[in-house]
Amino acid sequence: MEDTKRGKADEEENADRISNLPDFVLSHILSFLPIKTAVSTSLLSPRWRHIWKKHLSVLDFSDDFFQPNDDRLELFKTLAVFVNGVFTLRKPCEVRKMRLSCTHSLVDHKVCTYSVNTWVHSVIGPHLKELDLTLYSNDDDDGGYCFEPPISLSACINIVSLSLNGAVYFNLKRAKAIRLPSLKKLQLHIGYVEVSPMNALLSGCPNLETLDLCFYAEDSGGIIRVPPSLKWLKIIINNSDAGASLEIDVPVLEYLCIANITITDANNLQNVVEASVDVFPSSAASAFTFLKVLSALTGIKHLVLSRSTTKWLLGGPTDLHFPEFRHLLHLELILPWFNSYSLLSLLQTCHLLQVLIIQNDKDQSPLPICATQPSVPSCLVSHLASIELKGYRGFPDELLFAEYVLQKGLVLKTMIIVDISVDPNKKFDTLRRLSNVPRASANCQLTFD
């Protein structure tokens, strides 16, 4: 009998071993849970009753926690009761990280404005390391709810990550006053903003390493200037007609992604190893500048070029005007039309290329098929192992290119042709013709998807 009781006691002790951990360990565990779940642990036992109140330094609030309501304001009020309760019950404890997501409840109402501002001000201070606000209003386009980051944000001298998404607005005066010397990562996915306050904000982040911008440029012809400390840069301008442009001088940059923007000046891109480029030259001068940018990507290994970019690089039936890519391993091209001669000329500059992905985004090439072919690209006989043709339409030039690389690709392992608009009979004829092409590589697998 005693052995049985002792065994049960041991089982109970083992079953609740986690409760015997120190408070700081338990609070660390709770920091990985949604705040609503963390608060509910107070019901587990007297041991857990005050853990989250005393020690929880990570606050994660979302209106997704609550039952959806067609009345957005009522849903927000439900969220506000919960958030205010958490702030009231918790003991004075520095907040290290705060996330607030309101995607279904914000409206242009003083309750929303006052509440969000109060919650943000409550966590601002030298202990805050991460702040993530996602604030989407159903009336953003009508001058509805809008959050303005406070100047007091500068008190967060140790903040390393700031993410602002949705109904967020920066004016020049506030942006100039914000200084975040420790900030390493900044994400801004917001609405309309002028480039000048954007530049003012960026100038106050001298040690920024990761920058992710997505916004509508409010002023035409604005020039964005980014900090030289960046290692990772992504800029997407949502209104391509804005004419925004970029000046970039970033000697330690490793990743670059830009869309709907023109580069006016670029230096020190030798350390970029991966890039995705969607630009459209507004003039001959800007086209020349972009060619200089491509030439500056001396260390690039992974490159994606969009349709708007390749359209003007496909200047004729002779070649794509690309520089030498001596380290390029992966190339993806979205083409306005297919031009086998230009593609083969391009491959001449990619000596170590291993993966090639081509998407024909339009119709048949307006350029005539060139009767002569350039010499066999060195990558075809030494490194190119995978080719994927997307948007295949069965045009003669596409078929000639596919036959050529099958015949010359000594190390080719896979060729995948993704069919979008070919009728079954034509698809069968193409597959049969390519299947009968003598292949330079005995290991090459042809797939027609």
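1. Isoleucine 224 has leucine 246 of E9 as its bridge partner, and isoleucine 223 stands opposite serine 245 of E9. Three bridges join E7 to strand E9 (residues 245-249), and the two run parallel. Strands (E, at least two residues) and helices (H or I, at least four) are DSSP runs, numbered from the N terminus. Two strands pair if DSSP finds at least two bridges between them.

2. This is a predicted model, in which local features need pLDDT of at least 70 and side-chain atom pairs count only at pLDDT 80 or more, while totals for chains, interfaces and linings use all residues. Residues are numbered from 1 along each chain as its sequence is written, and side-chain values use heavy atoms, with hydrogens and water left out.

3. On its other pairing, E9 is joined to E11 by five bridges, again parallel. Leucine 246 stands opposite isoleucine 263 in E11. The open sheet has three strands in the order E7-E9-E11, with parallel pairing. Strand E7 (223-225) and strand E11 (262-267) are the edge strands, each pairing on one side only. On average, neighbouring strands of this sheet are turned by 15° against each other, direction ignored.

4. How do helix H5 and helix H6 pack, and at what angle? The axes of helix H5 (residues 72-89) and helix H6 (residues 110-123) are 11 Å apart, at an angle of about 25°. Axes are lines fitted to C-alpha atoms, for helices over the stretch in contact, and angles run from 0 to 180 degrees between N-to-C directions. H5 and H6 are therefore roughly parallel to each other (angles under 35 degrees count as such).

5. The contact (heavy atoms within 4.5 Å) involves Leu73, Phe76, Ala80, Val83, Asn84 and Phe87 of H5, and Val111, Cys112, Ser115, Val116, Trp119, Ser122 and Val123 of H6. Its residues divide into 10 nonpolar, three polar and no charged. Here Ala, Val, Leu, Ile, Met, Phe, Trp, Tyr, Cys and Pro count as nonpolar, Asp, Glu, Lys and Arg as charged, and the others, Gly among them, as polar.

6. The average pLDDT (the predictor's confidence in each residue, from 0 to 100) is 83 for the protein, and 79% of the residues score at least 70. Confidence is lowest in helix H1 (residues 2-15), with a mean of 50, and highest in strand E4 (residues 161-166), at 97.

7. Over residues 316-320, pLDDT stays under 50; the model has 18 contacts beyond four places in sequence for this stretch. Where pLDDT is low, the predicted coordinates should not be read in detail.

Key: Angles under 35 degrees count as roughly parallel, over 145 as roughly antiparallel, 65 to 115 as roughly perpendicular and the rest as oblique.
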